[in-house]
Each structure stands twice: as structure tokens, then as C-alpha cells.
There are 4 protein chains.
Amino acid sequence: MDQMMMGAMSKDMMSMPGMQAMDMSVMQACMDACSACEQACTVCSTQMMDCAPACMNCADMCNTMMRSMMRMQGMDSASMMAMLDACIAMCQKCMDDCMRHADMSEVCKMCAQSCQACMDACMAMKNMMMAMS
Amino acid sequence: MDQMMMGAMSKDMMSMPGMQAMDMSVMQACMDACSACEQACTVCSTQMMDCAPACMNCADMCNTMMRSMMRMQGMDSASMMAMLDACIAMCQKCMDDCMRHADMSEVCKMCAQSCQACMDACMAMKNMMMAMS
Amino acid sequence: MDQMMMGAMSKDMMSMPGMQAMDMSVMQACMDACSACEQACTVCSTQMMDCAPACMNCADMCNTMMRSMMRMQGMDSASMMAMLDACIAMCQKCMDDCMRHADMSEVCKMCAQSCQACMDACMAMKNMMMAMS
Amino acid sequence: MDQMMMGAMSKDMMSMPGMQAMDMSVMQACMDACSACEQACTVCSTQMMDCAPACMNCADMCNTMMRSMMRMQGMDSASMMAMLDACIAMCQKCMDDCMRHADMSEVCKMCAQSCQACMDACMAMKNMMMAMS
């Protein structure tokens with residue numbers, strides 16, 4: 001995400017109750033990983049029917065996850081945690097489906113890597129939030 | 001959802017492992033409730049800043065939930081359960097934010113009702129899936 | 001779209017400059033056709049690689065078109081016209097791709113019909129808007 | 001967009017009829033500008049009701065534009081041109097609404113700049129495509 005916009009967004013977020021301790025770099029990394037994963041899954045969804053449905057599901061969920069973090073005023077920690085769990089689950093499913101034929105397709109292999117990176121970033125978000133509460 | 005398309009979709013789904021026992025009318029009700037909730041939240045997101053971020057989050061999540069059910073090939077029961085939990089959590093947050101000023105706004109009141117209906121439909125989906133496993 | 005929500009939305013829209021002459025039933029039909037087309041395209045995108053990319057594009061555009069009509073405060077007539085043209089073009093492309101093998105697939109045939117219905121509804125919207133100006 | 005994924009996508013696209021002359025760097029710049037504009041508009045949509053509806057519309061359209069370029073198999077040049085026109089029109093409307101109070105809000109000012117950049121990138125795409133035909 002753009003650095004200046006991130007700065008403005010951070011200022012807003014710091015004024016929300018319970019958010020002062022948020023490490024914004026962890027959140028930025030999570031939004032960026034969601035964005036990259038949405039893009040990889042969207043390209044991958046045009047490749048073969050084996051993984052396309054999981055890729056489309058994952059692309060939509062990653063976009064919804066990213067946008068929700070950009071609109072933190074519309075979440076609380078309980079819903080944030082549930083969203084992160086759902087995003088991790090969809091990335092896992094998409095990675096599994098893509099890995100099954102990753103040796104046949106360069107795109108599917110890259111998509112699986114983006115899913116793994118997104119899962120890791122969502123997990124880091126969860127850990128940070130648990131440490132905050 | 002259109003009845004004929006629902007019929008064709010059901011045929012597909014019945015051939016997927018573990019899906020034969022799915023009550024398609026519960027799933028159709030859930031997809032319809034997600035669609036109605038996305039629409040109500042989208043209209044409501046133009047009304048006042050108090051609830052707009054939660055409404056936008058909820059609209060995006062309901063759309064992603066609906067689409068994922070239409071692409072069941074790209075989910076397994078674990079990810080489906082996590083998605084339903086996340087959708088319920090976002091509807092709850094949106095309903096809470098809208099109810100706070102529902103006596104001032106007809107739209108917010110209707111939006112809160114759509115959120116409640118969507119939560120109920122997602123819960124019915126979860127119960128059916130737990131009974132199946 | 002839900003009748004009561006449509007009523008509340010209409011009241012809002014009637015207070016916007018240049019919108020008093022809008023026939024809300026034409027707009028409602030257009031939003032409903034966009035919603036139905038998004039759903040048909042989403043199901044159809046899981047069927048075969050020949051039409052899946054066009055179906056996904058069309059599903060996204062129909063959803064964006066529907067939402068934009070629900071947030072008319074964020075459009076003017078010029079952008080509305082451009083959006084309707086783009087939605088018609090994406091429905092046309094999706095219909096063409098699905099029709100090529102409609103005799104092999106019940107879902108693709110229904111998807112093509114939804115695309116045609118959505119194009120017709122968008123065209124009716126355009127005609128109404130041109131008559132208004 | 002990720003460089004390696006962009007490379008794989010380019011290879012696919014070069015095998016499509018009429019796409020051999022496509023300057024992929026212009027397309028990549030356009031997808032990146034759409035992504036940045038979606039993010040800026042999403043943050044901006046939480047700020048004030050004056051521009052929020054236009055920001056949400058623009059965010060959805062930029063996402064749909066970006067995804068459609070990533071699924072070029074599902075577009076032809078006519079629909080691509082119509083999509084670019086619609087994206088430009090939505091960016092223009094969002095920029096106009098945000099500029100009206102850009103001196104009061106740092107976020108709205110940055111959002112307007114992202115809209116301008118996205119319009120420029122879409123215009124460059126159109127010019128390249130016209131030169132190709």
C-alpha cells in the first residue's frame with residue numbers, strides 16, 4: 001500500500017479504542033499479502049478447471065480481507081479474528097488445489113506461493129492481536 | 001436464486017464427495033439471504049458515517065460468502081465453516097452499528113433486519129453441515 | 001431487490017438533482033437483472049475453461065453496475081452511461097462465449113440467457129436516461 | 001503486480017489473437033494504477049459522506065477493471081475499450097467529489113491523486129490499443 005496513504009490511515013486507526021498498540025507494519029504487510037494473493041489467484045483462475053473455483057474463492061476473500069482492514073472502523077476484534085481465520089482457510093484450500101499440479105504449471109506454483117505468504121501474514125496479524133488483548 | 005440455475009447447480013454438487021446429504025433448500029436460502037444482505041448494506045452504506053464502514057465490510061463479505069457457495073468445488077467443509085463464522089461475525093457487527101440509530105433511519109433498521117436474517121441463514125447452514133458430518 | 005428497501009432508496013434518489021423523472025421500476029429491473037446475471041455467471045464460471053474468464057469478468061461488472069446504481073449519489077449521468085455501455089459489452093462477450101457451446105451445457109445456456117436479459121435491462125436504463133435529459 | 005506472475009501472464013497473452021503487439025509494461029502500469037486507486041478509494045470511503053459513495057463506486061470499478069485485464073481471455077477489444085471508458089468516468093467523478101474538500105482532508109487529496117493517476121494509465125492503455133488496431 002502507498003506509504004503516504006498508510007500514514008494517514010494509521011493516524012485514524014490510532015484514535016480508535018484498543019488500536020493504539022497495533023503494529024501498523026504487521027497490518028500493512030497483511031494488506032499487501034492479501035492484494036498480491038488476490039492478483040495471483042485471479043491470473044491462476046484462468047488456467048485450468050482443477051483449481052479455478054478455489055482460486056476465485058480465494059481472490060474474493062483476500063480482497064474482502066484487505067478492504068476490511070482498510071475500514072477498521074467497521075470491525076471489532078472478534079470479527080477481525082473470524083475474518084482472518086476464514087482468509088487463512090481459503091488460502092489453504094487454494095494452495096492445496098494448486099500444489100496438486102504445480103509441477104505442470106508455473107502460474108499455479110506462483111499462486112500457491114502467494115497463498116502461503118498470505119496465510120503467514122494473516123497468522124502474524126492474529127498473533128499480534130492476541131498479544132494486544 | 002433462479003430456480004432452473006439452482007437445479008443445475010444442485011446436480012453438480014450432488015456429484016461431489018460428502019455433498020449428497022446436503023439439503024439444497026437450506027443452501028439456497030443462505031445464498032438468497034447473503035444477496036439480500038449485500039444489497040441492503042450497500043444502500044445503507046450511503047446513509048451515515050456511523051455505520052457505513054461496517055455496512056461496506058458486511059456487503060463485501062456477504063457477496064464473497066454467496067459466491068463461494070456457488071463455487072462449492074473450491075471449498076471443503078473446514079473452509080466453509082470458517083467462512084460462515086466470518087460472515088456471521090460481520091453481520092453481527094453491522095447489525096450492532098445500525099441498531100444504534102435504527103429509530104432515526106428507516107434504511108438502517110431494514111439493514112439490521114437483513115443482517116439478522118443472513119446470520120440466521122448462515123447458522124442454519126452450519127447446523128446442517130454439522131448434522132451431515 | 002426488497003420492496004421496502006427499494007422504497008426508501010427511491011425517496012433518497014428523488015431528492016437528487018435531475019433524478020425526479022427517473023422511472024424507479026426500470027432501475028429496479030436493471031438492478032435485479034444485474035444481480036441475476038452475476039449469480040448465473042458465477043455458477044457458469046465453474047463449468048469449463050472456454051467461457052470461465054468471460055463469466056468471471058461479467059459477474060464482477062454486473063455486481064459493480066448493481067452496486068453503483070444503489071449508490072447513485074456517487075455517479076452522474078455521464079459516468080452512468082459509460083458504466084451501462086461497459087456492462088452491456090461484458091454481457092455481450094460472455095453471451096457470445098457461452099453460446100458457442102450452449103448445446104453441450106445447460107448451465108452455459110442459462111448463463112447466456114441471463115446475459116441477454118441483463119443487456120436488455122441496461123439498454124432500457126439508457127433509453128430512459130436519454131429521454132430524461 | 002508481481003514481476004514473475006506478470007511474466008507468466010504475458011506469455012499467455014502473447015498467444016492470443018491480436019495481442020502480440022501489446023506493450024505489457026503499459027498494461028502492467030494500468031493494473032497497478034487500478035490497484036492503488038481501489039486501495040486509496042477504500043480508505044477514503046470511511047472519511048466523510050460527501051465523497052464516500054463515489055469512492056466506493058470507484059473502488060469497485062477499479063477492482064473490476066484490474067481483474068478483467070488479468071483475465072484478458074474474457075475480453076475483446078470492444079469490451080476492453082468500453083471498460084476503460086467506464087473506469088475513466090468513475091475516476092473522474094470520484095476525483096471531482098474528493099477535490100471539492102481536498103484542502104480539508106489529506107486522505108481525500110491523496111485519493112484524488114490516485115484517481116488522476118488511474119485515469120492517465122487507462123488513457124495510455126486506450127491509446128496503445130488504438131495504435132495496435
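**Ground rules.** I worked with a predicted model, where local features need pLDDT of at least 70, side-chain atom pairs count only at pLDDT 80 or more, and totals for chains, interfaces and linings use all residues. Residues are numbered from 1 along each chain as its sequence is written, chains are lettered from A and ligands numbered from 1 in the order written, and side-chain values use heavy atoms, without hydrogens and water.

I looked up helix 3 of chain A, residues 52-70 (a DSSP run of H or I, at least four residues, numbered from the N terminus). Its 19 residues reach 27 Å from first C-alpha to last, close to the 27 Å expected (1.5 Å times one less than the number of residues). I found 19 of its 19 residues buried (under 20% relative accessible area, 1.4 Å probe, protein chains only).

**Cavities.** Next I searched the whole structure and got seven cavities of 30 Å³ or more (sets of points on a 1 Å grid over the protein atoms alone where a 1.4 Å probe fits but cannot get out).

**Symmetry.** Finally I laid chain A on chain B: RMSD 0.0 Å, a turn of 180 degrees and a shift of 0.0 Å along the axis (least squares on C-alpha atoms of residues with pLDDT of at least 70 in both). The two copies are thus related as by a two-fold rotation axis. A:Ala86 comes closest to that axis of the residues of chain A, at 3.1 Å (C-alpha).

Terms used. Helices (H or I, at least four residues) and strands (E, at least two) are DSSP runs, numbered from the N terminus. Buried means under 20% relative accessible area, exposed over 50%, partly exposed in between (1.4 Å probe, protein chains only). On a 1 Å grid over the protein atoms alone, a cavity is a set of points where a 1.4 Å probe fits but cannot get out, and a pocket is an open set with protein on both sides within 12 Å along at least five of seven lines; lining residues have an atom within 4 Å of a point. Grid points are joined across faces, edges and corners, and a volume is the space filled by probe spheres set on the points.
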